[in-house]
Amino acid sequence: MGGLVLLALVACQPPDPLVKPSPSNSPQLKSQLTLTNATLEQSNAKGQTLWKIQVKDTQYTPDRKNAKLTQLKGDLYSNGKVVLKVKADRGEILENGAVILLRDNIVAVDPRNQAVLRSQEVEWQPQAALLIARRDLQGEHPQVRLTAQEGRYATQGQQLTLKGNIVAVSDQRRLELKTEELVWEVPQNKLIGERPLNIARYEGKTITDKITAAKAEVLLKTKQVLVKDNTEFRSLKPPLQIAVKSLVWNYADRLVESQEPVQILDYQAQMTVTGNRGRVDLAQEMAWLTDGTKGTSEEHQSQLFADRLTWNMRAQTLEAVGNVIYEQNRGTKFNLTGDKALGSLSNNTVVVTSYNPDRVVTEIYPSPR
């Protein structure tokens, strides 16, 4: 039985050819170097290891600058520490080890954060500590799974930038995100999107809530989505549409909060409420709006103004507090003003009260003849 050949190539400088050719006036082809079951290693000028790879077969070009590899696995380093453990069916060493190409069934694992990257074509740049996945990228982590056309993993910052047909699924498919460009900050468990995004929340196979936004951040650990710019939020149960510039969405508990003006539309009951700040509990079907609010029933042409407004969506009732004005414009037009109101705009049954009974004012506008 033949023995295994084990060889460590430091700084990718191959040894002298096994057999030196005799001088000749005629051109001679340099001999190729072929290794079996070898360990290849590259170091920098400081003596720090850049990569160390075990291969089944290695075939160097005659100038010894490039090599083709089969059935490889090994470690990729940055600042002397392992940042990725890789394996692939095929690979190449280029430019005296300045670049490593991997092909077919590639798996790269970052032992620092347990992120797993899979692709069919990868380039490793040792000096930049950068892994570039050029085809069919998949990322896996206990918090999230992602797919994209391509990506760049900066190992020093543990940051993966993805591009093209991105789908990110987290929390056992509770949340699904789609966009064209995304940054995954692995240690922070954060996804950052600066391009238009579509985000959906699921219960089983059913979508409960959807968001479209220009920008968003997903905090995977706390199960929150921070949404910015041109945000439209749609809930299927209750049937709501929320328009707001920015919001914080706790998708696990279905809580939506915003410190900016917010408009909530119940498109079945044709009810709209607005406020300069708001909080919505979609699971309990309750909304709280503050700092100047308004409730409107399109069907009954009635409006309710107040400093603060609480909306019970199941009962379709509103409770208003502070500088209350109730206007009814269908049939006999009138206004009621006071300190507090309770009732239903959908049924035109609103009771306005005051801490001082004398402060309740009714104004009736007769219909024009």
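Select Glu 285 and its contacts (contact means heavy atoms within 4.5 Å). Leaving out residues up to four places away in sequence, Glu 285 touches Pro 238, Trp 311, Asn 312, Met 313 and Arg 314. This is a predicted model, where local features need pLDDT of at least 70, side-chain atom pairs count only at pLDDT 80 or more, and totals for chains, interfaces and linings use all residues. Residues are numbered from 1 along each chain as its sequence is written, and side-chain values use heavy atoms, with hydrogens and water left out.

Stay on Glu 285. It sits in the loop between β21 (271-281) and β22 (286-297). Strands here are DSSP runs of E, at least two residues, and helices are runs of H or I, at least four residues; both are numbered from the N terminus. Is Glu 285 buried or exposed? Glu 285 counts as buried because its relative accessibility is 13%. The cut-offs: buried is under 20% relative accessible area, exposed is over 50%, and partly exposed is in between (1.4 Å probe, protein chains only).

Now show the side chain of Arg 314. A polar contact of 3.4 Å joins it to the side chain of Glu 285. A polar contact is a pair of N or O atoms within 3.5 Å; within protein, one must be able to donate a hydrogen and the other to accept it, and residues adjacent in sequence count only if both atoms are side-chain atoms.

Next, Pro 238, one of the residues that Glu 285 touches. Pro 238 lies in the loop between β17 (224-235) and β18 (240-250). Check the peptide bond from Lys 237 to Pro 238: it is cis, with omega near 0°.

Move to Asn 105, in strand β5 (residues 99-110). Its phi is near 55°, a positive value in a residue other than glycine. Asn 105 counts as partly exposed because its relative accessibility is 47%. Which side chain makes a polar contact with that of Asn 105? It is the side chain of Asp 89, at 2.5 Å. Beyond neighbours within four places in sequence, Asn 105 is in contact with Lys 87, Ala 88, Asp 89, Ser 119 and Gln 120. Draw a C-alpha distance from Asn 105 to Gln 120: 5.6 Å, for residues 15 apart along the chain.

For another positive phi, go to Asn 348, where the value is near 55°. This residue is in the loop between β26 (333-344) and β27 (349-353). At 21% relative accessibility, Asn 348 counts as partly exposed.

Select Leu 69 in strand β3 (residues 67-78). At 2% relative accessibility, Leu 69 is buried. Its contacts, residues up to four places away in sequence aside, include Leu 40, Val 55, Asp 89 and Ile 93.

Gly 97 lies in the loop between β4 (81-94) and β5. At 2% relative accessibility, Gly 97 is buried.

Finish at Trp 249. Of the 84 residues in the largest nonpolar core, Trp 249 and Ile 264 touch the most other members. A nonpolar core is a set of buried Ala, Val, Leu, Ile, Met, Phe, Trp, Tyr and Cys residues joined through side-chain atoms within 4.5 Å. Among the residues that Trp 249 touches are Leu 175, Ile 199, Phe 233 and Leu 255, not counting those up to four places away in sequence.
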